[in-house]
Amino acid sequence: MFSSIGIPGLILILIVALIVFGPSKLPEIGKAFGSSLKEFKNATRDIVSDEETTNKSNNHTSTKN
């Protein structure tokens, strides 16, 4: 995803973020982004595990018939 942006692009994004939000808000924004990403990963993991559990139980009952 970020491979097409490159290092100069990331530096430019960081500079624009510093100008727009200021240095005091960036840690708060980073923390909020990190916690949002963590919640998204946990929700995705739960959905995948629920789906695998459902598939295993469906396969188990279909083999009995």
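I note here that the model is predicted.

**Entry on the patch.** I listed the members of the patch as I5, I7, L10, I11, L12, I13, I15, V16, I19, V20, F21 and I29. Together they have about 1,100 Å² of accessible area. I checked I13 and found it in helix α1.

**Entry on α1.** I compared the span of α1 with what its 16 residues should give. Just after α1 I came to G22, which takes a positive phi of about 85 degrees.

**Entry on the record.** I looked in UniProt, where an unreviewed entry places the feature "transmembrane region" at residues 6–23. In the model, I found the chain over residues 6–23 to be 89% helix and 0% strand. The end C-alpha atoms of that stretch are 23 Å apart.

**Entry on the whole chain.** I counted two helices and zero strands. How much of the chain is made up of buried residues? I read 5% of the 65 residues. The chain exposes about 5,900 Å², and carbon and sulfur atoms supply 67% of that area.

**Entry on charges.** I wrote down a general point before looking: side chains of opposite charge can pair when their charged atoms come close. How many salt bridges does the count come to? The count comes to one salt bridge. In it the side chains of E28 and K25 meet, at 3.7 Å from N to O. That distance passes because the cut-off is within 4 Å. I then looked up the accessibility of both partners. Buried means under 20% and exposed means over 50%, with partly exposed in between. E28 has 48% relative accessibility, so I put E28 down as partly exposed. K25 has a relative accessible area of 42%, so K25 is partly exposed too.

**Entry on S35.** I found S35 in helix α2, residues 26–64. Is S35 buried, exposed or partly exposed? S35 is at 40% relative accessibility and therefore counts as partly exposed. I also noted a contact of its side chain: a polar atom there lies 3.0 Å from the backbone oxygen of A32.

Conventions: Residues are numbered from 1 along each chain as its sequence is written. This is a predicted model: local features need pLDDT of at least 70, side-chain atom pairs count only at pLDDT 80 or more; totals for chains, interfaces and linings use all residues. Side-chain values use heavy atoms; hydrogens and water are left out. Patches are made of residues with over 30% relative accessible area and no salt bridge: like charges are joined within 9 Å, nonpolar side chains (Val, Leu, Ile, Met, Phe, Trp, Tyr) within 5 Å. Accessible areas come from the Shrake-Rupley method with a 1.4 Å probe; for residues, only the protein chains shown count as cover. Helices (H or I, at least four residues) and strands (E, at least two) are DSSP runs, numbered from the N terminus. The expected span of a helix is 1.5 Å times one less than its number of residues. UniProt positions are given in the numbering used here, feature names are shortened, and annotations may be inferred rather than shown by experiment. Buried means under 20% relative accessible area, exposed over 50%, partly exposed in between (1.4 Å probe, protein chains only). A polar contact is a pair of N or O atoms within 3.5 Å; within protein, one must be able to donate a hydrogen and the other to accept it, and residues adjacent in sequence count only if both atoms are side-chain atoms.
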